[in-house]
Amino acid sequence: MKVFGIAGHSGAGKTTLIERVIPILVRHGLKVSLIKHAHDRFDIDRPGKDSYRHREAGASEVLLTSAHRWVLMHESRDEAEPGMDAQLAVLSPCDVVLVEGYKRWPLPKLEVWRAETGKPPMYPDDPSVVAIATDRPDTIPDPGERDVLDLDQPAHVALWLLDTLNRLPAAR
């Protein structure tokens with residue numbers, strides 16, 4: 001399994017890029033999984049549903065399953081947020097895990113950057129950023145050795161990612 005990050009400030013277009021790149025990777029025969037980091041408290045369950053009621057009653061894990069999908073909800077309660085290794089360990093085997101978010105996690109990553117977010121690029125201070133995807137490639141100040149990709153060309157980004165993944169060592 002290869003692990004690669006897609007990072008950037010809120011509103012830069014990370015989710016949209018990932019949404020456009022995954023089908024291309026799948027067409028190239030890869031089984032793709034994703035870890036999405038959320039900064040705030042989130043819930044995929046709804047009040048009143050049985051699974052919600054079980055978690056509220058104190059269950060530490062609830063596995064909700066059907067013929068079409070399943071989800072394991074784990075309540076951290078007072079536990080620390082699990083590290084990347086722990087998260088990777090619960091995933092089924094796959095070819096590549098894309099990690100959205102975890103801006104400061106030391107894994108090779110593509111920074112998605114748009115000037116209109118008003119935030120500075122991360123790459124000057126983050127050596128794990130190996131490339132930058134932006135809607136205005138001509139505005140990237142001194143990318144150094146990093147590749148600069150056109151955010152509006154997801155097929156090109158996906159091919160770049162395939163090439164890059166081929167050069168990365170497996171995570172486990």
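1. Let's start with contacts along the chain. Among contacts in the protein between residues at least 6 apart in sequence, 54% join residues at least 24 apart. Contact here means heavy atoms within 4.5 Å. Keep in mind that this is a predicted model, where local features need pLDDT of at least 70, side-chain atom pairs count only at pLDDT 80 or more, and totals for chains, interfaces and linings use all residues. Residues are numbered from 1 along each chain as its sequence is written, and side-chain values use heavy atoms, with hydrogens and water left out.

2. Next, the overall layout. The protein has 4 helices and 8 strands; these are DSSP runs numbered from the N terminus, with helices (H or I) of at least four residues and strands (E) of at least two. Reading along the sequence gives β-α-β-α-β-β-α-β-β-β-β-α. Taken along the principal axes, the C-alpha atoms fill a box of roughly 55 × 35 × 25 Å. Of the 172 residues, 40% are buried. Buried means under 20% relative accessible area, exposed means over 50%, and partly exposed is in between (1.4 Å probe, protein chains only).

3. Now look inside. In soluble globular proteins, nonpolar side chains tend to be buried together. A nonpolar core is a set of buried Ala, Val, Leu, Ile, Met, Phe, Trp, Tyr and Cys residues joined through side-chain atoms within 4.5 Å. The largest one here has 23 residues, and those with the most contacts inside it are F4, L17, V21, L98, L110, L149 and L161. Two or more residues each come from β1 (2–7), α1 (14–27), β5 (96–100), β6 (109–113), β7 (129–134) and α4 (154–167). Helix α4 gives the largest share, 6 residues. Apart from this core lies another, of 10 residues, among them L88, V97, V99 and L107.

4. What does L98 touch, not counting residues up to four places away in sequence? Its partners are F4, I18, I22, L25, V32, S33, L34, I35 and L161. One of these, S33, is found in strand β2 (residues 32–36). S33 counts as buried because its relative accessibility is 19%. With residues up to four places away set aside, S33 touches L91, C94, V96, V97 and L98.

5. On to a helix pair. Two packed helices are described by the angle between their axes and the distance between the axes. For α1 and α4, the angle is about 60 degrees and the axes are 9 Å apart. That angle is why α1 is oblique to α4. For the cut-offs, angles under 35 degrees count as roughly parallel, over 145 as roughly antiparallel, 65 to 115 as roughly perpendicular and the rest as oblique. Axes are lines fitted to C-alpha atoms, for helices over the stretch in contact, and angles run from 0 to 180 degrees between N-to-C directions.

6. Who meets whom in that pair? On the α1 side are L17, R20, V21, I24 and L25, and they meet P154, A155, V157, A158, L161 and L162 in α4. These residues divide into 10 nonpolar, no polar and 1 charged. Ala, Val, Leu, Ile, Met, Phe, Trp, Tyr, Cys and Pro count as nonpolar, Asp, Glu, Lys and Arg as charged, and the others, Gly among them, as polar.

7. I24 is worth a click. This residue sits in helix α1 and is buried, with a relative accessible area of 11%. Leaving aside neighbours within four places in sequence, I24 is in contact with P154, A155 and A158. I24 and H156 are 132 residues apart in sequence but 10.0 Å apart in space, C-alpha to C-alpha.

8. At 0% relative accessibility, A131 counts as buried. Its contacts, not counting residues up to four places away in sequence, are K109, L110, E111, R146, D147, L149 and W160. A131 and R146 are 15 residues apart in sequence and 4.7 Å apart in space, C-alpha to C-alpha.

9. Most residues other than glycine have a negative phi, and most peptide bonds are trans. R77 is not a glycine, yet has a positive phi of about 50 degrees. R77 is in the loop between β4 (70–74) and α3 (84–90) and is partly exposed, at 48% relative accessible area. D142, also not a glycine, has a positive phi of about 40 degrees. D142 is in the loop between β7 and β8 (147–150) and is exposed, at 66%.
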